[in-house]
Amino acid sequence: MLVNEYGVGGSVEPGTLAFVQIHPWGGGATTWGSNRATFYSVPGTPMNWWDGVRLDYGGSGSTSGDYDRYRTSLGIRGGVATDVTIEMTGNPVTGSTYNIIATVCVEGGGTGKTMRIYVVQVLDYWPFTPTYHRNGFKQAANTEDHYIGAGQCQVIDHDFTFDTDSWNNQSDIKIIAWAQEPLASGPADVYQAAVMTWPFPQAGDQTPPEPHPMTWDTTPEPVSTTEITMTATEATDETPPVEYYFRCELGDCTTSGWVADRVYNDTGLLANTEYAYKVRAQDGVEPPNRNAWSPTESTFTHIETPTGISFGTITDNTIEVTADGSFTNLAVGDSGIYFEMTPDEGTGANVWEQSQTITVSGLTPGTWYTFEVQARNQGQATTPWVGPVSVRTTGGSCGYDPGDVNQDGYVDGEDIQCFTECLIYSSGVGCDCDCADVAAPSGLDMDDVSAFVSLLLASVG
Ligand SMILES: [Ca+2]
Ligand SMILES: [Ca+2]
Ligand SMILES: [Ca+2]
């Protein structure tokens with residue numbers, strides 16, 4: 001069976017014709033090839049069997065004349081109707097070993113018959129010399145004889161391990177299967193033949209989970225200063241279980257490995273630091289099919305929440321205020337601390353600052369100011385508010401300590417009468433009502449009552 005021209009153009013449609021080239025003698029000779037030669041009683045080469053149609057052998061002395069004759073044979077062969085179909089798949093097993101499945105069927109309404117099924121591997125352009133080397137025989141599965149009824153199929157299952165020549169030239173590997181009349185010698189009609197070329201179509205579930213590419217249900221977002229959570233879209237596949245793989249793409253974060261849960265929490269992270277992740281899924285096939293990566297999404301861990309508010313130097317017109325605690329990357333990106341001051345006066349408060357201590361200036365002497373603070377990370381995610389805490393600028397009309405309403409130099413029970421008169425009448429003989437304003441907000445109201453009582457109790461204690 002020596003045809004070099006076919007299958008590479010001309011009138012022959014690639015893939016519609018299966019040839020196996022056998023070298024019964026000389027280079028490339030095999031026992032299987034010799035047996036085939038015996039089957040066909042080959043007296044010499046070149047020789048061509050058109051199984052079921054006619055025999056050509058010997059050269060005419062004109063290569064083009066030979067090919068013309070072969071084309072005639074091919075046309076006759078192609079005109080013969082058949083009710084047999086062959087489909088093939090090849091799945092990798094390990095290394096250069098592939099599991100080859102040939103499914104041979106007789107069409108519904110066809111004629112049941114016993115057939116001898118051949119499955120062989122050839123390597124195109126082999127032997128490398130001589131040049132008549134198309135689809136040279138390499139190895140064969142044991143033939144199987146099967147009766148296949150109309151509308152029925154037979155599966156032929158065989159592992160082929162490809163030799164070094166083949167494995168080094170994978171694109172030239174072909175699997176050829178045919179169903180032949182089960183006779184002891186040729187001629188023997190061939191009912192159908194099929195060629196499988198590299199890369200092989202594979203059997204079973206070859207489809208990655210959906211969605212493909214992967215998508216996010218919820219992109220990464222901070223849970224705390226040390227934890228980020230993210231949720232992949234639920235992936236579906238005909239072959240469960242589906243597993244997810246969250247990969248750290250930015251920063252010293254943690255890749256999940258293959259996990260069953262589509263929610264992933266990465267812990268042990270640094271505060272107010274950027275991290276990025278992408279995710280994909282795989283199905284339960286071995287080896288698994290994997291969808292394409294999702295877009296990479298980044299986020300920032302939360303910044304630390306202030307632990308309190310404290311005050312530094314306070315003058316008639318300025319207040320130095322600190323958000324207590326330590327803050328990671330406070331000067332980076334949109335990070336900052338907001339000092340909310342009521343009433344909103346002067347300069348320096350009620351803006352985002354990349355410092356945990358600020359000095360508010362331009363304030364009114366002897367006036368109460370109330371502060372609340374919060375921090376935000378590089379992504380502007382804010383902490384809870386801390387406070388309120390109030391403080392009073394020095395100075396003002398109260399020339400004594402706040403609470404010393406009767407101006408005797410002490411804050412004690414002697415101040416109660418003045419405090420009460422100031423509260424009721426806004427004035428009193430011998431009383432400085434500005435000294436009764438012992439708590440925020442500025443001015444005398446019920447907030448000052450409890451604060452004044454606390455002052456008295458403190459003075460007693
Ligand atoms: Ca799948
Ligand atoms: Ca007093
Ligand atoms: Ca007050």
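Two residues are in contact if their C-beta atoms, placed from the backbone, lie within 7 Å. A residue is buried if 20 or more other C-beta atoms lie within 10 Å of its own, exposed if 12 or fewer, and partly exposed in between. Helices (H or I, at least four residues) and strands (E, at least two) are DSSP runs, numbered from the N terminus.

This is a predicted model, in which local features need pLDDT of at least 70, side-chain atom pairs count only at pLDDT 80 or more, and totals for chains, interfaces and linings use all residues. Residues are numbered from 1 along each chain as its sequence is written, while chains are lettered from A and ligands numbered from 1 in the order in which they are written.

**Overall layout**

The protein has 5 helices and 24 strands. Its radius of gyration, taken over C-alpha atoms, is 45 Å. Along the principal axes, the C-alpha trace spans about 140 × 45 × 35 Å. Of the 461 residues, 33% are buried. Among contacts with a separation of 6 or more, 61% join residues 24 or more positions apart.

The domain bounds below come from an automatic or database domain assignment.

| Domain | Residues |
|---|---|
| Domain 1 | 31–197 |
| Domain 2 | 216–300 |
| Domain 3 | 308–392 |
| Domain 4 | 413–460 |

The centres of domain 2 and domain 4, taken over C-alpha atoms, are 61 Å apart.

Four strands form an open sheet in the order 21-20-23-24, with antiparallel pairing. Strand 21 (352–353) and strand 24 (386–392) stand at the edges with a single partner strand each, so one side of each has no neighbour in the sheet. Two strands pair if DSSP finds at least two bridges between them. Strand 20 (residues 336–342) pairs with strand 21 in the antiparallel sense over 2 bridges. I337 has E353 of strand 21 as its bridge partner.

**Helix 5**

Helix 5 covers residues 446–460, 15 residues in all. From first C-alpha to last it reaches 22 Å, close to the expected 21 Å (1.5 Å times one less than its number of residues). Which residues of helix 5 are buried? They are D448, F452 and L455. Seen down the helix axis, these fall within an arc of 60° (from the directions from the axis to the C-beta atoms), so they line one face of helix 5. An α-helix has 3.6 residues a turn, so residues three or four places apart point the same way. Helix 4 (416–425) is among what covers the buried residues of helix 5. On the other side of helix 5, M446, S450, L457 and V460 are exposed.

Note on methods:
The radius of gyration is taken over C-alpha atoms; the globule rule is 2.2 Å times the number of residues to the power 0.38.
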